[in-house]
Each structure stands twice: as C-alpha cells, then as structure tokens.
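Subject: Structure handover

Hello,

Here is the structure you asked about, with the sequence alongside. My notes on what turned up follow below it.

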Amino acid sequence: MDEANLRTLEAVPDAGDFRLHPLLSLKELQEDTTTVDELLTDARAVLDAHEGSIDAIVGYRDFPVSTLVPLLSKEYKTTSTSLESVVKCEHKYWSRLEQRKVIDEHPRFGIVDLDSDDPRPPEGMSFPMWLKPALAYSSELAFGVGDMDEFRTAVAEIRGGIARVGKPFEAILDLLELPPEMAGVGGQVCLAEEAMTGIQVAVEGYAHQGEVTVYGVLDSINYPDSSSFLRHQYPSTLPAPVIQQLHDVSERTMRQIGMDDATFSIEFFYDPKTGDISLLEINPRHSQSHAEMFHFVDGVPNHHRMFRLALGGDPALPAGVLNLTHRESDEHPEPLEPGRRYRARITLNGVAQAFPPGHRIRLSLSTSYWPLVWPAPEPTLLTVHEDGAALTLPVRPTEEPDGMPQAPFGEPEGCRPPPVTRLTESEQAWNVSRSLVDYHSALDIMKDRGRQRYEDNGIEVGLRACERYTSVADDFASLSGRSSWTMTFSRPGGWDVRVENRKS
C-alpha cells in the first residue's frame, strides 16, 4: 500500500468498514537481493503479529506481489485465485501456450535459445519482432528488433540481465506441477513474438465462481512515434463489434487460464485497417493507474472489485437510490431534522443471484454517487441504527407447493425486430480530465447512435447526446452538469424533423 493509491482505496464503497494495513513496503519489494522466501517470511511476521482477524490479503502490482497474494491467502485461509492461474498469466511463454488452445487472436511466437553460440529467431518467424524474458515488468529487457544485427544485440542484453527476475521466478515455478509442454522451460527463458501494430487497448475484468466478467475497455493513447503511454481513455471509442470481440476473446482466455475470485487486465492491439485484434499480454491484477478514471466515470474505483472478491463477495450485485427527503412521498418531500431518527425503505434494482452455502451478503450504504446521482448541497453525516434494520430479499422456491421440482425457465420470447438498414455507424466517447493545480475535474460524454432506416416505412432516425459534468475538489457548490440531445426523423418526399433538448 502506498500514498499514491491510498486516496482511491479509501474511495471504494464500504471503505469505512475496512481497516487497511500495509504488508510490505515498496522498498522491500524493489530490493534486487531479496528472495521470494524472504518476502514471505517478512509478510508472515506482520500477519502473525496482527491482533485482529485477517479477512483479506490483496495486491495490485506485478511479480512478486502477484504471486505472494495467492501463497499467503492459501496459508491464512482468505479468498484468492490459485497460484497456477497467476503464473499462467505472468510467464509469457506459458501464457501463450494457454491462449493458443482457445483463441487465434495472438501473434506467432517461440523460444530463443540463449545458450546457443549463434542464436536465431524461432522457425517460421520474420522481422520485425519483439524479444522479451518470460517474466518482466515495465518493459524491462524487452526489445523491438528489425534485423539480425538488432536481434543479436538484444539477445546479448537479455542474456546478461535475465537472471535478476528469472531466478526468483524459478522458485515459484518449483512450487507447481507443470504440464509436459512446460518441462525444462524454466523462468530464465527468452520469448520471441512477431510485432503487432495498431491501437493499443486494455480490457479489465474479473472472475467469480467460474464466471468471467469484463467491466471496462480503455483506449491507450501513445505519444507520437513512441510506445510510451500519453494517456488512457475510458470507455473505449472503438466500434461496438470490436468491443464485443474483445469481451469474447478475454472471457475465453481467462476461463482457459483458470482464474477465479480475482481481477485481471489484458492488453490488446486493434488494427483499424484489417479489423483484427491481437492479444499482447495478460496481467493477473487490475490496473492501479486506471483507478481514478473508473472512479470519475463509473462512480467507484476499480479497486472495489478487488476488495469485494477478496472478501468473498460479488462486485456486480444490485443497487438502489433514495433521496431521504422523499422517504414518505415523491409528491410532498419533507426535510430531515438533525438528531432525529427516521425509518426509510430503499428498493434495490431487480436481479437474480445465486448465493452458495456459507457466503454472506454485504449491504453497502453511501451518501453520494456522483455523477450518476446529484449529491446533497453540503456534506452530510448519517447514522444508521442496526436495531430494527433489515434486508428483505425475495427467494425463489426450489419446489412447487405440491412438492414437485420447479420447471426450468424457457427461452425468452419476443417479437421479430423490424428490418433496419444502418446508414452511419454509432460512436461514443467518455473523456475525463483533471487539473492537478486547482483539482478541477470534468467528465465529457458523447453518445451517437448513428442513423438507421426502418425499411417498413422508410423513416430514417438518428440520435446524438452530449453531456458534461464538472467539479472542483470536494467543493459541493462547484458541481455542474449540462446535456444536449438531438434526435432527427426524415423520409423521402422532403419530410425532415429535428428535436433538440438542452439541460443544465
């Protein structure tokens, strides 16, 4: 845990119910001479000295943190994905072998023999390509090469530095029962991959009870003529079919990896010229650098999914909103009197959810949900009294009154959609900006559904919406929002209607 992330960690729902304790410092984690066993010993000393209960062990960094979490979680009986699933993501060669079993959206790859006096690219591969160790972070020892001279120079660099991270990684591999295709590969291996081009995209998601969920796709904008990130943009502006393909490939890949009860982040390339996507790498954790962006757009940092999963919960349970001045009536709102108790009933959104035996249900309460819900005019402290409070959930019976089992749900029924011809493609953009001088934040949303023609009557319909929400730090009086919606209708013969709606 570090100061840079503490603010977003404390912004997750139920943050007041958590007590966050640092386990290992950045200095300890970045010491080159520290072994995984030594880090485990230091972590155990902190955990064993803790006087309270240990409800979750979490981390959002690469190796060695990514592997320490499942090892410690297993020892201290907290929820985490398996060590094997993490290593299948971290070990770039093993990860490619698993990807190849279920998807085609990956580059050609192979192993480079570092012990050879005359190392060569793997058979069938051509320049340009990338050379990288099986385990690396922050692009350390990763080289883009365009010919044999650059290839040999990169191999020499990798050969001289691969042991720094590769040797500790081999200690982790020794803890696993490796499949035959990984026999003798080890942690100090060099991988060659054919170069990928296009727009870089990040997919974030999680696995829970065997189900894989993608909750966000982001565009990674690079500096001109550079592979370094300039900024991230969320949600992605890629076409809807491409977003759906990214979802599908990510879900199939993570099911093959076997991850469960954990978050992940997958990086892709999308080539707009060919329409192809290609998987770059899998990270067995969500991205801490995206936390504030998810907070601005979705209302909560992506850290909250890590917390929910580590505590045995489901990050996707329903929500409900109630303005407490409307607790008795929407027609006749009544102000709250400070110091007085009130009874309120909050209706949650409808959802069907199966809870396995032994799991607990957590109810989260918050006084704000900006910008999805307009906040109170000033900071408010609410006290929730547990006596008399209840969470009422409908329960679907497992049997009919006569004792017979419930009939399974049939396929959903619906009318056949009318024939439609798309005239222009849909487009959307969510951009977040924040000044680090005066903490002025802005969320700009654009949703353009494009134009389409209903063939039954020839009517063409278009819809475009633009919204902007701004705030300054924690100044409640600074909040503002405005939106403009434009809808068009037309058909042959000169009939043309335009409806505009603006609010602020």
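Two residues are taken to be in contact when heavy atoms of theirs lie within 4.5 Å. Please keep in mind throughout that this is a predicted model.

Helix α5

The axes of α4 and α5 are 9 Å apart and meet at an angle of about 170 degrees. α4 is therefore roughly antiparallel to α5, since angles over 145 degrees count as such. On the α4 side the residues involved are Ser66, Thr67, Pro70 and Leu71; on the α5 side they are Leu83, Val86, Val87 and Glu90.

Backbone points to check by eye

There are cis peptide bonds at Phe63 to Pro64, with omega near 10 degrees, and at Tyr234 to Pro235, with omega about -5 degrees. Pro64 sits in the loop that runs between α3 (36-49) and α4. Pro235 is in the loop between β7 (229-233) and α9.

Gln209 is not a glycine, yet has a positive phi of about 55 degrees. Where is Gln209 found? It is in the loop between β5 (199-208) and β6 (211-222). Gln209 is partly exposed, at 37% relative accessible area. Asp261, also not a glycine, has a positive phi of about 55 degrees, and belongs to the loop between α9 and β8 (262-271).

The chain as a whole

The protein chain has 504 residues, of which 39% count as buried. Its secondary structure consists of 11 helices and 15 strands, and the C-alpha trace spans about 85 × 75 × 65 Å along its principal axes. Of the contacts between residues at least 6 apart in sequence, 60% join residues at least 24 apart.

The accessible surface comes to about 29,800 Å², and carbon and sulfur atoms account for 50% of that. As for charge, the chain carries 48 positive and 78 negative charges, and the mean positions of the two sets are 5 Å apart.

Regards

How values were computed:
Residues numbered from 1 in each chain as written. Predicted model: local features only at pLDDT ≥ 70, side-chain atom pairs only at ≥ 80, totals over all residues. Heavy atoms only, no water. Helix = DSSP H or I, 4+ residues; strand = E, 2+ residues; numbered from the N terminus. Buried < 20%, exposed > 50% of the residue type's maximum accessible area, 1.4 Å probe, protein only. Areas by Shrake-Rupley, 256 points an atom, 1.4 Å probe, with all protein chains shown as cover. Lys, Arg positive; Asp, Glu negative; His and termini not counted. Charge placed at Lys NZ, Arg CZ, Asp CG, Glu CD. Axes fitted to C-alpha atoms, helices over the stretch in contact; angles between N-to-C directions. Parallel < 35°, antiparallel > 145°, perpendicular 65-115°, else oblique.
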